Amino acid sequence: MKFRIKKKCHNARSGLLELQHGSVRTPVFMTIGTYGAVRGLCKNDLENCKTEMMLCNAYHLMNNVANICFDQSISLHEYISWDKPILTDSGGYQVFSLSSLTKISEEGVTFKSPQNGDTIFLSPEKAIDVQIKLGSDIMMIFDECAKYPLSWELTRTSMELSLHWARLSKNSNYSSNPLFGIVQGGMYDDLREISLNELLNLNFDGYALGGLSVGEPNELREDIVTNFAPKLPFDKPRYLMGVGKPQDIIRAVNSGIDMFDCVIPTRNGRNGQLFTNNGTVNIRNKKYENDLEPIDSGCPCFTCKNYSKSMLRHLDKCNDALAARLMSIHNVYFYQDLMSRIRASIENDSLDALSKDIIEAFEEKK
Ligand SMILES: [Zn+2]
């Protein structure tokens, strides 16, 4: 992996991240393909939406796909027909968010599979092994995501366990695949400082801010990102996990974040919440019943070139799967276009103006 910063604008940076399956321009937004596919979208849709990188969940792929890939000597890329870079998360977040009856030890987590009730043990070493089998371009360490709210004492215990697992993750990486550390510490600056400093000693290939977007107030999250993004190593990629409203992205870019992922474009798209440069459109609103204009007349995406708001609303009302697909296409395109505009604005020194426009368009229209 190589990471090169092309241009700086205060704390913001535009750069190029060279990975095994190609280069991505940063700041980059990774479209989420939980099970190896972005729900409802095929490879052509993603390419037409200018998607440069996907995020897949190792947790959901570890019991079948990882073994198929390993046994057949193919990468996840070949299996899912996606030849561009893939970041895999370690499964830590899903273990805690999806599973009840988890039993945590220093060695890892035992839990009941929400799919079939089987008892599964996932350790830092196993999480790395799964990601190596998948041929991931960027792997994430296995960590514990502290809930919100949580006391300082319990958050410290959780953060220390994550640090212990970070060491085990680092030591178990028998591949040359890049591995990112994840700063934890909940909403407590002093705990995040400890987490960051210990992770720096382990010398990961990139660093992420984790444990955010867990229900905390926006202001608290913004303070943590503003404070900690500039403290992550300057010459390595900086990744803000799971945060992705347009106004959150532009603020985090201004703090020096390079990588993003979030379910918002696809999940909101499936529910008729569509992003435009003037804010969001709720296609289920009756006012669009007779509106024969596209979602955004300036948008060149497949959906806007071919379908009106009225037709999308009609399809959505009929519960036709095409509605979810077309609205996801528009939102995925919007996010990739947003990142492209952000990169351009860093390079031509107009980030301040773009930031103001994005915050004004979205801040009051939550
Ligand atoms: Zn569009």
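Biologist: Where is Pro 27 found?

Modeller: Before we dig in, this is a predicted model, where local features need pLDDT of at least 70, side-chain atom pairs count only at pLDDT 80 or more, and totals for chains, interfaces and linings use all residues. Residues are numbered from 1 along each chain as its sequence is written, and side-chain values use heavy atoms, with hydrogens and water left out. Elements are DSSP runs numbered from the N terminus, with helices (H or I) of at least four residues and strands (E) of at least two. On that basis, Pro 27 is found in the loop between β3 (22-26) and β4 (28-32).

Biologist: What is omega for the peptide bond from Thr 26 to Pro 27?

Modeller: Most residues other than glycine have a negative phi, and most peptide bonds are trans. The bond from Thr 26 to Pro 27 is cis. Its omega is near 0 degrees.

Biologist: And what about omega for the bond joining Tyr 148 and Pro 149?

Modeller: Pro 149 is found in the loop between β10 (138-140) and α7. A cis peptide bond joins Tyr 148 to this proline. There, omega is about -5 degrees.

Biologist: Is Ser 213 buried, exposed or partly exposed?

Modeller: Ser 213 lies in the loop between β12 (206-209) and α9, and it has a positive phi of about 60 degrees although it is not a glycine. For burial, we use relative accessible area: under 20% is buried, over 50% is exposed, and in between is partly exposed (1.4 Å probe, protein chains only). Ser 213 has a value of 32%, so it counts as partly exposed.

Biologist: Is Asp 349 buried or exposed?

Modeller: Asp 349 is found in the loop between α14 (321-347) and α15 (351-363). Its phi is near 60 degrees, a positive value in a residue other than glycine. With a relative accessible area of 54%, Asp 349 is exposed.

Biologist: How many salt bridges are there?

Modeller: We need a rule for counting: a side-chain nitrogen of Lys or Arg must be within 4 Å of a carboxyl oxygen of Asp or Glu. Some link up, and Arg 25, Glu 52 and Arg 343 are in a network of salt bridges. By this rule the count is 19.

Biologist: How many residues apart are Arg 167 and Glu 198?

Modeller: Their side chains meet in a salt bridge, 3.4 Å from N to O. The pair links distant parts of the chain, with Arg 167 in helix α7 (residues 152-172) and Glu 198 in helix α8 (residues 189-202). Arg 167 is partly exposed at 34% relative accessible area, and Glu 198 is partly exposed at 31%.

Biologist: Which helices hold Asp 248 and Arg 221?

Modeller: Arg 221 forms a salt bridge with Glu 216 (3.5 Å, N to O), and both of these residues are buried. Asp 248 also forms a salt bridge with Arg 221, the closest N and O atoms being 3.5 Å apart, and both Asp 248 and Arg 221 are buried. This pair ties together parts that are 27 residues apart in sequence, because Asp 248 lies in helix α10 (residues 246-255) and Arg 221 in helix α9 (residues 218-228).

Biologist: Which residues does Ser 158 touch, not counting residues up to four places away in sequence?

Modeller: Ser 158 lies in helix α7. It has a relative accessible area of 7%, so it is buried. Contact means heavy atoms within 4.5 Å. With residues up to four places away not counted, Ser 158 touches Glu 144 and Ala 146.

Biologist: Which residues is Asp 118 in contact with, leaving aside its neighbours within four places in sequence?

Modeller: Asp 118 lies in the loop between β8 (109-112) and β9 (119-122). It is partly exposed, with a relative accessible area of 43%. Leaving those neighbours aside, Asp 118 is in contact with Phe 111, Lys 112 and Ser 113.

Biologist: Which elements do the buried residues of α13 pack against?

Modeller: Helix α13 covers residues 309-317, and its buried residues include Leu 312, Arg 313 and Leu 315. Just after α13, Asn 319 takes a positive phi of about 55 degrees. The buried residues of α13 pack against α11 (264-270), β16 (279-282), α12 (302-306) and α14.
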